[in-house]
Amino acid sequence: GKGLAKILIQQVIEHCTNDGYTDAIIRVWDQNLIAIRLYKKVGFNEIATITQQKTKADQQGFFEMTKMYLWKKIN
């Protein structure tokens, strides 16, 4: 709640811009609403989703996980 994550993201983007990168893409679990809100707040936009089948931690079956791809032009 102190803005540290926003500052870190901005610093990483600045570093990448200085290194010549022009775009940034983040993949995030669609249930991680706090992270999604943060990424959108710093200018990322949703561009795609994928659904993957994952093995449960106890190895007793499967579940599906949907992930979002967010993109931002950085240079």
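**View 1. Trp29 and its bridge partner in strand S3.** In strand S3, Trp29 has Lys67 as its bridge partner, strands being DSSP runs of E with at least two residues, numbered from the N terminus. Strand S1, residues 23-29, pairs with strand S3, residues 62-73, in the antiparallel sense over seven bridges, where pairing requires that DSSP finds at least two bridges between the two strands. The model shown here is predicted, and local features need pLDDT of at least 70, while side-chain atom pairs count only at pLDDT 80 or more and totals for chains, interfaces and linings use all residues. Residues are numbered from 1 along each chain as its sequence is written, and side-chain values use heavy atoms, with hydrogens and water left out.

**View 2. The hairpin of strands S2 and S3.** Strand S2, which covers residues 45-55, pairs with S3 in the antiparallel sense over ten bridges, and within S3 the bridge partner of Lys54 is Phe63. Six residues lie between S2 and S3 in this hairpin, and Gln59, in the turn, has a positive phi of about 65°.

View 3. Lys67, found in strand S3, is buried yet has no salt bridge, and Asp30, the nearest side chain of opposite charge, is 9.9 Å away. Here buried means under 20% relative accessible area, exposed over 50% and partly exposed in between, with a 1.4 Å probe and protein chains only; a salt bridge is a side-chain nitrogen of Lys or Arg within 4 Å of a carboxyl oxygen of Asp or Glu. For charge, Lys and Arg count as positive and Asp and Glu as negative, whereas His and the chain ends are not counted. The side chain of Lys67 does make a polar contact with the side chain of Gln52, at 3.0 Å (a pair of N or O atoms within 3.5 Å; within protein, one must be able to donate a hydrogen and the other to accept it, and residues adjacent in sequence count only if both atoms are side-chain atoms).

**View 4. Val28 in strand S1.** Val28 lies in strand S1 and counts as buried because its relative accessibility is 6%. Leaving aside residues up to four places away in sequence, Val28 touches residues including Ala35, Ile36, Tyr39 and Lys67, contact meaning heavy atoms within 4.5 Å.

**View 5. The salt bridge between Lys73 and Asp23.** A search of the whole structure finds one salt bridge. Lys73 forms a salt bridge with Asp23, their closest N and O atoms being 4.0 Å apart. This pair links distant parts of the chain, with Lys73 in strand S3 and Asp23 in strand S1, 50 residues apart.

Note on methods: Helices (H or I, at least four residues) and strands (E, at least two) are DSSP runs, numbered from the N terminus.
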